[in-house]
Amino acid sequence: MSVIFKHRPEKEETPMVIFTASLSKRKLLWLLPWAVVLTAGILWALFRVPESTQPLLLDSNQERISYLASWGWEVDSEPLETYQFLIPDPLPEKYADYNQLQKSQGLDLESCLGKAVTRYTYSVLNYPGRDSGVQVNLYVCEGRPAAGDLVASGSDGFRSGLEYPKDAS
């Protein structure tokens, strides 16, 4: 095998490198399957869609419950309420803080501007320190999660993101 390196300083081109090899037919026949396997492996690695970037679909009730469980929440088997509405385009200013909450948890209502969204409201069964009165809202746009929050009413009510409380044991 030989390597030839050509560089012409007077021209502003990329240097040229040439590899040459002298192989017998026997060596070539031995290397050919390995080259095919190596090429296939490189192409697979370059063009595959990693599992974590494949779209998450929440078309069924079980998929929505599993999604909420991935955040740590146990919910009733059926939603308390299902409500469909249109997200205005542009997003009204009054939703800016709410969308910041969504962005902080990897979601974004802006991807649903002008589209129909369905809100599924479930009763939360395992909120730390509360036996009842906590609900989770999951907003789904085109089968994908668009937003989500937990709410509790009353004098000690709150609204928070989907993350399970860190100080809970």
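Predicted model: local features only at pLDDT ≥ 70, side-chain atom pairs only at ≥ 80, totals over all residues.
User: Is Trp34 buried or exposed?

Analyst: Check its relative accessibility against the cut-off: exposed means over 50%. Trp34 has 54% relative accessibility, so it counts as exposed.

User: Which residues form a nonpolar patch on the surface?

Analyst: Trp34 is one of them; the others are Leu23, Leu28, Trp30 and Leu31. Together they have about 570 Å² of accessible area.

User: Now helix α2. Which of its residues are buried?

Analyst: Helix α2 covers residues 61-70. Asn61, Arg64, Ile65, Tyr67 and Leu68 are buried there.

User: Why do the buried residues of α2 line one face?

Analyst: Start with the general idea. An α-helix has 3.6 residues a turn, so residues three or four places apart point the same way. Now this case. Look down the axis of α2: the buried residues fall within an arc of 160 degrees, so they line one face of the helix.

User: What does the face turned away from the buried side carry?

Analyst: That face of α2 carries the exposed residues Gln62 and Ser70.

User: What do the buried residues of α2 pack against?

Analyst: Three strands: β4 (116-123), β5 (134-141) and β6 (144-152).

User: What comes just after α2?

Analyst: Gly72, with a positive phi of about 105 degrees.

User: How do I read the largest nonpolar core? Which residues touch the most other members?

Analyst: Look for buried nonpolar residues joined through their side chains. The largest core here has 18 residues. Leu68, Val75, Val124, Val136 and Leu150 touch the most other members. The elements giving two or more residues to this core are α2, β4, β5 and β6. Strand β5 gives the largest share, four residues.

User: Which residues is Leu150 in contact with, leaving aside its neighbours within four places in sequence?

Analyst: Its contacts include Trp73, Val124, Tyr127, Val134, Val136, Phe158 and Leu162.

User: Which residues does the second, separate core include?

Analyst: This core has 10 residues, among them Ile87, Leu109, Val117 and Cys141.

User: One last residue. Is Ser123 buried or exposed?

Analyst: Ser123 has 16% relative accessibility, so it counts as buried. Ser123 lies in strand β4. Leaving aside neighbours within four places in sequence, Ser123 is in contact with Glu74, Val75, Asp76, Leu80 and Val134.

Notes. Residues numbered from 1 in each chain as written. Heavy atoms only, no water. Buried < 20%, exposed > 50% of the residue type's maximum accessible area, 1.4 Å probe, protein only. Arc of directions from axis to C-beta. Contact = heavy atoms within 4.5 Å. Patch = residues over 30% accessible without salt bridge, like charges linked within 9 Å, V, L, I, M, F, W, Y side chains within 5 Å. Areas by Shrake-Rupley, 256 points an atom, 1.4 Å probe, with all protein chains shown as cover. Salt bridge = Lys/Arg side-chain N within 4 Å of Asp/Glu carboxyl O. Core = buried A, V, L, I, M, F, W, Y, C linked by side-chain atoms within 4.5 Å.
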